[in-house]
Structures are given as structure tokens and as C-alpha cells.
Amino acid sequence: MFHSATNPSTLPPSRHILSTASRNDMARAFLPCSRPATRWLALAILLIAALSRAHASVDYSTQIRPLLQERCFSCHGALQQKSNLRLDTVELMRRGGKSGPALVPGKPDASPILERVATVDPEDRMPPEHEGQPYSPAQVAQLREWIAAGAPAPSDERPEPDPRDHWAFRPRTRPEVPRPSPPDPTRLCNPIDAFLEHARESRQLTPQPEAPRALLIRRLYLDLIGLPPTETERTALLADPTPDWYERLVDRLLEDPRHGERWARHWMDIWRYSDPWGLGEQHRNSQKHLWHWRDWIVESLNRDLPYDEMLRLMLAADELHPNDPDRLRATGFLARNYFLFNRNQWMDETIEHVGKGLLGITLNCAKCHDHKYDPFPQTDYYRLRAVFEPYHARLDVLPGEPDLDRDGLPRVYDRTLDTPTWRFVRGQENAPDKSAPMSPGVPSLFTFAPFEVHPVPLPPEAWQPERRPWVFEAHLRAASNRMEAARVRRNDTRARLGAITNAEPQVELRIAESQLAVAKLDLVAVTRRAAAQREQWHEGAKTQSSRRDAVIAERQLAVGRQQLTLDETELRLLRAAADKKDSLSKDLAAARAKLADLTQTAAAEPGPDATFTPLSGAAWTATRFLDSTKDDPASEFPRTSTGRRTALARWITDPRNPLTARVAVNHLWNRHLGAPLAPVVFDLGRKSGTPPRAALIDWLASELVDHGWSLRHLHRLIVTSAAYRMDSTTRDAADTAARDPDNQFWWRRTPLRLEGQVVRDAILALAGDLESQRGGPPVAPSAQEGSHRRSLYFYHSNNDRNLFLTTFDEALVKECYRREQSIVPQQSLALLNSRLVGDAAPRIATRLIAQTPAATDDAFIRQAFRELLGTDPSEAELTECRQSIEQWRQGITPAPNNSSNDRARSNLIWALLNHGDFVTLR
Amino acid sequence: MNPLNRRTFLADLGMGFTGLALGSLLQRDAHASAPGAWRPPDGQPHFAPKARSVIWLFMNGGVSHMESFDPKPMLTKYAGKTIAETPFADTQDPKKLALERLVVPDANGNQRNTLYPLQVGFRRHGQSGIEISDWFPHIAHHADKLAVVRSMWTTDSNHGAQTQFHSGRHQNDGDFPNLGAWVHYGLGSLNENLPQFISIGTREYWNKRDGHYLGPAHDAVPLRIDPANPLDFSRPERALSADEQRTGLGLIRRLNELRGIEYPGDPAVAARIAAYELAYRMQTSVPDIVDFSRESAETRALYGMDLPHCREFGTQLLAARRLVERGVRFIQIQHGGGGAGAWDAHSGLKANHEGLSRAVDQPIGGLLTDLDRRGLLDETLVVFATEFGRTPGSQGSDGRDHHIFGFSVWMAGGGLKRGVVHGSTDEIGFHASQDRHYVTDIHATILHQLGLDSRRLEIPGRKRLDIDHGRPIHAILA
């Protein structure tokens, strides 16, 4: 059918083996020679298994129980016992439930379990419709055969353990540090190594020695600040004779402000940082100016703000510190979930990612039904939703900028204090169960502390943000700047046109005068409105005179604006073609009439009900839940907040919370060492099993909590461990590699493919081009190509992503608990051909040449290796590079001279930027 | 299987790494040795495949099913009547309408109750006698090759249905990998010189990242019909002669090989060497894909490349055929940009669909002819899809609104039955009535033809639901 011989599926088995012998010698050269034999063995085992299946009866442990576990245990096991029935041991099946035994050994036809999975009637069939995949006829036949054979099972079969007893759900205690006694004491730098060595010891796995110093230096720089060391730093460190050079370097880098920039990006992955996006001009997701939250993360990490405090602020700074804009930035974490059109989607994302990101649980799986693996009933989902139900997003005016389109502080606040939360039947938003609203709460499994909600009365500045001292100042300054600008414009116009007496220039000049007049009136109006508002705060409704002044000022401003409109219409009329003049004359008359009206209104005494437009200190980020074409109605900012998020924040950061610290240390470990201790960083639940190094997680978590939740303490612990400092090679360790090929026991470092941000930043740094400017608005997509700022500051949303970074597995803004480390040809193309590399290679070469102008090729190659890859070249590498340089030099016309020399060396730099180790943390 | 084994295994099979994103598999090693271990897919089909490539043609905006592949004369008969006044009043039974899931109440996506007559004639075609509207004469010419499914339904009555058609999930549920990404994740490469999942054309409205939790390595690679710059980063920004480049690539390879000795068994070293070779070959073979100089004038005319109104789409489809010939797995072509998609005919449906069908009909007909005569149609599955149909009732005076309750897609080749119609809507094209299919049934059918069982493509921490998997439409399998 296929004409292509390359389709592996069409190759007969013998071809596989043929190809083994003939292909990819190079790749095979790196492999221990035992591999092909292993494969033969595996094949042989498969064959034996296939042959024997026909004769032997079905095996319970490998064929029946896993099936039951997958399809049945969630309702009939330790998690739930629907109809009082458990199916997790044969004994329990025989005992049965409400309707008697489920299983009668030897009698398939008398065993209801078989009948229920085999029936075609969807009403009767198990698992029920939408609850799981029906058994296939082959599976039913297996089950029948097993029952007919007497339902044999191991005699020591045990029921599933109590789900509440799962390691991550149990209270965390500080485990005792094991005391292994390795032959080489340098294997134990700190207790982390004791835990790991303890596990390795019994398996006789020898860890790798420490990596060479040059590699350690590169490792620490790239890991802790995301940039390579300068040549001066590198040389000094290599020559440092003191025994604690490593620890001192760690301390220095942890205190380097670039550390915050590097690690902020990790947390931005996990906390789902995204600049706003939408469709065309319409803003639909996340918040404008969300970069304030990014800057808060960077600054907090640089101050070593405790992790628990960071979480409390991210969840509830608006209740805990309602008057502190610096801390309010933290709530960008929640403001980011804003979605213009749909509240359920917004809430679902919030619940899912507070669950996954902060607690390591997949509460999202309990949206439609009780959780299938963990003891979370569906109501837990909606109780957590009730915590978030009141919150919305808004922008607060920041000092110096009253225009919220230009800048503002994105933050959250409780807007709808009484909106009930309904449980959705089967998760369907059109099927709310209105029998009783859900009360706010946390998963009922965890009872270490009561969940207590206390409403938070807010200070006036929180619900009347215009009271903040900088708000009026910002409005006033903006108005006075507008006036100055109008004055300059008027003066310019006067200088340009004042002497000309033609009609048209005269009108133009009048327009400039009117513009200035408007700006003046505007300033007066802003001043009076501010005064009136101030009086209102102090004296309530009594403040008649200031209100009157403000109203009049606004009316006069309206007159001024109308005069301007009139002037502009007049100019249009003057310039219009003959056939347009009629209609413009009518416009002019109408404008004149309106001006007369407005002038009359302005002259009249304002009535007692007349109001003015208050100056605003914040604006709700309007939603369109009710109608996609218009904003939902605005409302005043409430004077209290529900306190629900504060309660949640306290509960999450309670030292007794079994999850929070475990999740955090697992993230840190993963980002430092390339693989987590608990395999699924966003799910520590039962589905992910008990990690082999659970004790180490608990010890690290205890260290975190007991050291005031200091992330810096954890960073220091991890990077000063021998585990972190080990070499990543498997050379001279074939034995160990054979016994633990997947490095389950952390006997060596796993090399990491660097994130796109680090790759790009390192290239710029080496070229001497990286800008050190910290913080501020993101670099727009159109400006990124030429920008030399750190990649962290690039605009990054669902719709706008930098192509180079994306090619290197840029974080997905919707979810990125782990960064992928793919190796794909597009990355090679990016490093070979991008403008980034194309610009940097000659600049790096020029810099190196300037450093040592008289350097020989060999000296140049050595220097390039050290700076780009962190190590010296081997003899073989040196020879290869030398030959290529020579080849380039020869090939470049005109004949060898200085410029061809430079070009050949630039080419070498280009090649080294494409070296695998340039994008690898060895 | 440890990563080393897996890697050699793949290398031995000559499958390469393009489609496999080796690194991301390595990252998940931790699971491989746990009991009952999850394992990454090995790139092999799960059972004998019937098709090896997919050309996925997606009409952005929503094609009217009644005016394309599911003609309904009753609309003309009862034109101007409200549905309540016709014998089909029961189509508006609220229970039947309940499957709609709103993102936000909108001026669009509402029921339109005054029946709007068919805007085009239709006739039976071929031996199968499949009824197809007169706007698609070239496709109709291939009626006996089509498997038309007239009983599709979805749930998002706005254009989030575009994402839904690709991922299988309503946008209120979050984001999920698209079909092409699953294919890319599950199947090894057939040609190491080319990306295996390619996207052509415009898709401004819907999520551009296909891989989602499978990882960015499973996103579609955008291809431009521009020989000078068909693929991102395929052209050096710093001028290098071919010789200089070759010398450099040789050096890069040897330096990486030397590192391989230093770090034996680091699979990333070999993967990277392979990636550079592929990159180099891609750099030369991708421009070739969009270089049509060696295609005959007859072939170019077949795709309508000499007609201004179908040149763009015809060129894209010719590129698709060339990609299929070279073993690319999944080619996703989106037609119709602007707003939520060009086919979104809220008003002026006749002019809109008439123009757009002229732009796509001949190229698609040409593609089917061309694939067939080259013997490629047997192993290539061509899919014609759109996010939803359009309302039987009129919107304004001359448009139709979004309609999720019944619409049509068709497939051809790839081991499907030829010249069949499967499923139906009621007499006014309102509800899919017989053999109803949700969008993931199309996914399941395609995966099945490619030899994949989506249930064996699980990945840790991600629970997929029954509805995500869908069920193959066995009735149309040959």
C-alpha cells in the first residue's frame, strides 16, 4: 500500500535488525556495547510472553487488577465505596456490597461484576457513561476467564491504603538526617547529600566527583544570575586559593540584583505571568501594565522576601495592606486571570492554578465530579471558588500619571461581596445547583486549622483611591503640562502666522488661542474638582460652595471646548470644496447654537443637585459577562473586603499546611537540577505516587519553613550540596550508569538545556551589548529585534511571543510548571542564522581580539572556549578549530590579511555559539 | 525503557528526532522506572496504519452546511416562515438546544427563526449521487471519492469553536493540545529533512500554540509560500558563503562529537548532532517545497494557480501535495482571514460564499485529482472542515448566523470509504439527527487511520476524558 520504504511500520522485524547493524555508527559509538544485547533479550522475553499467553490463564496482578484500578477503584476502592462495594482485593469483591457479593469464584455467570461491565445497556453498564471507558470484549473475556479459573490472587493481597494517608497529605515533620558513611567524606557537603548517599549506599552506587572548577563557575553564574561570568571574574575565581571560594561565590551571586531577574523568570513560569492580550485592539486577557507585578517579583527575590509572605501578598495584599501600592503589585498574580467575557473561565483558571501552582493538587479534576484519585469531593472545588468569587481587577492611579492607559497599578479587590457560588452539576455552567450556595472554604481533607473568614474594613483610600495624595497631584500636574504645551503651541502659531491677515491663518491662530483657553479652563476645573472632593471627604454633603465652584468650572470648560469646536468647524468650512460648504455651514450654525446654550448654562447658578465629574484614582477593569458588545455596569468600590482571600492566604502559608512548602522545594530542586524530586511538580497527589526521595522533600520543606521561608536559604543549601556540584559525565562510571541509567539516585548531575532567555542574554553579554537597565514596561514585539535588554523584559503573552525565545521552548503563558528542554532543528537554525547570533559573533570576536591583539590562533581559540563554553579546549578540539580557521582564512577573498583574519575568527565564534555546550548547563 | 535505549532504538530505525522532541522525553524520565510506568510514545503506530499523512483544510469562520454539502430544499419551500410555523417546530425544543455552551452572550450565535432559502442550486454527482451545491463543482467532480459526514455538532456558538474543532474542548474548559500536535507526538518522522507538522495560511483568531501541554516542540511549524524565506531562521542574517557555512557545520559536528566522548551516553549530544544535520537539510529542502518551477504548467493550472481568485490557496495546496510526497505527517491549512474568519457570513452570504468557494473549490478539486493520479490518495487523508455550520434562519436580510447543532465535514482518501454519506441532519438542517458526531470523532477517525490509539498517548498528570478521545466513525472506514 505504501510506496515509501521509510515507513517503519511497514518494515518487517528482520529489517529492524538489519538497520541496527547498518545505521548510525556515530551515534552508537557513544553507547555502552551491551545495549543491543539488552534489546535482544527484551525481544526474546516478549516472544516468550506472547507464546505462553495462549496456554496460561489470566494473571490477576498484571492483567485484572490494573484494569480494575483504572476503571473501578475511584468509586469502589479506598477513595469511595459506592453501594458499600470495594473491588480492591478479591476478598473484598467476594464480600461485596449492598447488593451482595460482586464475585463468585469459578462462576462467571453468577458474578455481578462481570455482568455489569459486559452489559451493553448504558443504564446498567459499569463504569457509567462519562465516568470511564467501557471494558472491551477482550477485557470482558479475560475477566470471565479469570473468574472461571477460580479468581486466583496472591494470598497476601492488601486493600488500597487510606487516601488520606498519602505522603503529601500527611502533616510534615522534620525527618531525621540519615548517617551514611561513604568512603569519601566529600560526598557529604550537607544533609541533602546524606539523604541521597543513604539511598545510594545500599545500592552501591558511586556518585560522580565534583565537576572541574571552571565548569562550576559557569554553572553557578548561569543558574543563579542567568549570565556568564566576565573574563576578569572568571580568572580571579580560577586563581582563588581560599577553600571557601565556592561558598563565597554563591553568596555573592545570591546577593547580585541579577539573581532576582534570573529567578523571577522561573516563578513567572509557575505563576503564569503574561502581558495582556486580546483580539486586535480589544483587551481580553490579563491586565494592562502587569509588568508592575514582574518588577515586584524581581525586587522581592532580591530582598529575599519570605516565600510565605510572597504568597500572602499575591493572594490578599489588597486586604492585608490596602494602602501600600508596592505590595499591592503582588496581586498581579490574581489580576492576571482576568478574562473579559466569561466569569467561569476566569474562576476555573484561578482555582486550577492556585491548586496546581501553590498546593500541588489537581483540584480542577473535581470541577465536574468528585476527584477520581484524591479525597477531594466536588464541593471542595466550589468552596475554593467561593473564596475567589468576589474578586475583580482594577487599575489604580500611580504617582505622576493619571492616564490609566499609559500607566497604572493592576491589582485585585473584592467587588461583589454577596454573589453566591453555586455548585455546577457535572461541571456544567448552565446547571447550577441552587439548593444552597457554597460557603468559602478549603479542601475538607485538611483540618490542621479552622478556615475562618473575617471581613476586612478598608481604609477610605482603598475605596476612594482619589484620596491618595499623589492622585490629585498627578491630575493637576498633567493639566498644567497640557496647559504649558498649549501655550507653546499657541506661541509657535502666533510667531508663524501672527503677521498674516488672511482669513485662514487668522482662524488657525484663533484655534491655537482656544486650545490654550481650554487648557487653562481645564486646569481650573481640575483644581476646583480636587478642592470640592477634598471638602466632601471632610464635611460630607455640606460642602455647597466648593461643589458649586467645581460645577461652574466644568461648565465653563464645556463652553471653552465648544468655542474650540466652533473655530475648528470654521476652518474646515474655509478649506472645504464648494460642494461641501453647505453642509459645513449648517454644522457651523449648530455649533454656534450649542455654544449659546452652554454659555447660558454656565452663567446660571447651579442647582442643589448639580454634580461635577470627580477626579478618578482608580478604574475597574470592566468585564462583558452580560453582553459582548458593552461593558457591564460599574459600581462603587466597596468599603469592606470579604476577607476570604486573607483566610485562604493564611491557610496556605500556615506552617502546618502539608503541601505548600513541599511544592515550593520541589520547584526549586527542579529548576536547579533539571528534574524534580516528586515527579509531577503540579500534582503531589496519589496519581503521582510516593516519590522515592519523599524524606528529602520533607527535610527541605522543614528547612524552608524553619528558616523563615527564606528562598535564599534553600538556594544556598541546594547549590552547596555535593549533588549540585557533581560532574555530569558518565565517563569512567559505566557500572553505575548501567545500574541506574535514569539517574534515579542522583549519582551525577543531569545536564540541562538552557532556557531561551539565558541563551539570548548570554549571547548579548558576551558581545558586550547587554543593557543593565532593570524593570519597567516590557519591550514591545516590534522593538525586540534590535533590543539589548534582558529577555525577561520582552513583551510576552499568549499572542505575542519572541520568535527566538519561542524556538527554545519559551514558557506557555497559560501553564508552564516545567520548562521543556527539547532539541529540535529549528533551534539549530536559530543559532546558525538569526540576526542575534549574526550580529554578536563578529562583536564577540572583535572584543576578544582587542583583549589580546597579538594572540595566536591557538590563544584566540583557548580564550573563546573559556568565555563561551567555560572550559579549555582539548588538544583535539584545538586542532579542529585551528584547521577550520585556516580553511576559512584561505577561502576568504581577497587573500589573507587582517580583515579575513577577523572574519575567520568571527566564524569560529559563530561555530562555538552553535556548540552543544553553549546551550547546555553541564 | 531508558532514554538511551529509546534513542538508539529510534536511531536504528532511522526515525530521527524531528518529530520526537527528544529532550522533552528525557525530562520525563523520572516516570519511566516507576511501577506501572508511563512511557513516552516510541514513534511507532499502535496498529497497522491505513494512512500516513493528513492534509487538514480548515475554513475559518463557519461554512454553511446547507449551501455546501447538506442541501435542504425545505428551506426554500418554507422560506420566510418562522420555524414555529413549519412542520419542524420541534427543532426548537429547549432540551435539544441545551448543548450550547456560551462564552458570553453575543449579538451573534443566536437562533434565527425565519427560514432563509437556499442561495444556490445543487445536484447529485457521480455514481454515489451525493448532493453537493453548485458552488463546489470541482469538489463535486470527486463525489465518488468523498466520505461526507453530515451530522457534526459542537458546543461553542462563537468562534472559540475553531479551537474546539482542533483541541476537542470548549474554551471554557481551558487549553488543550490540538490534533496535529497529538499526531506529531505519537508518530515518528517519515522524512528527517522536513518538519512533520506544518501550518500554512492564516489563523489569527485561534490559539496559535498547538502543543500546549505536550510542549512547544509539538507546535506546528509555520511555512510561508516564499522560496526566499519559507521557514523561520532558514536564511542566514549574516552573509556567509556556502563554503564558510559548510566548514562551520563540519566543525560544529566534530566538536559536538568530541563532547560525545567526554560525555558518553549523554543522549542530548547525539540529538544535537542530528538536529544540526536536519537543520542543514531543512534549510535546503524547505525552499524546494515552495519552488514550483519544476511543476508542469498543466499541474499548476490544475490547482488554479493561473487564476487570480484561486492562486493563493492553489499554491498552498500544491505545496501540501509536495509535502505529502516527501512524507510530512500533518499539514494544516487554514483558509480565510479577517476578523473571526472569512466564511463568517452574517450578512451577504451569497456573495461571501460564492466568492470564497470559487477561491477554494478548484484548488481542492485539483489536489484530489493530483493526489489520486500519483497514487497518493490512498495513504493521504484529506479533510475539509470548519468550526460550525450556519443557521437555517436568516440573520438580517441576507445572512446566516453561527450554528452548532448540525453541520458537515468531509474526508477523502486515507483508507476511508469512497462516495459515501454518513449521518444526516433534520429536514431544515437544524439538528444532526442520525449518527451524531462530536468533533473528536473526526480526531479519532484520523488517528485510527494513522494507526494510533489516543488512549495510548497519555502523559503524566494529564487526565483525558472520554469525550477527548472520541470514537472512530467505523461506518466510513473502508
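These legends accompany close-up views of a predicted model. In this model, local features need pLDDT of at least 70 and side-chain atom pairs count only at pLDDT 80 or more, while totals for chains, interfaces and linings use all residues. Residues are numbered from 1 along each chain as its sequence is written, and chains are lettered from A in the order in which they are written.

**View 1. Confidence along chain B.** The mean pLDDT (the predictor's confidence in each residue, from 0 to 100) of chain B is 89, and 92% of its residues reach 70 or more. Over residues 1-35 of chain B, however, the pLDDT is below 50, although this stretch has 112 contacts beyond near neighbours in sequence (C-beta atoms, placed from the backbone, within 7 Å) in the model.

**View 2. Domains of chain B.** The domain assignment, whose bounds come from an automatic or database source, divides chain B into domain 1 (1-40), domain 2 (53-225 + 296-476) and domain 3 (229-289). Taken over C-alpha atoms, the centres of domain 1 and domain 2 of chain B are separated by 34 Å.

**View 3. Helices α12 and α13 of chain A.** The axes of α12 (residues 257-270) and α13 (residues 291-302) of chain A, both helices being DSSP runs of H or I with at least four residues, come within 8 Å and cross at roughly 125 degrees; axes are lines fitted to C-alpha atoms over the stretch in contact, with angles from 0 to 180 degrees between N-to-C directions.

**View 4. Residues between the two helices.** Among the residues of α12(A) that meet α13(A) are A:Trp263 and A:Trp267, and the α13(A) side includes A:Ile297 and A:Leu301.
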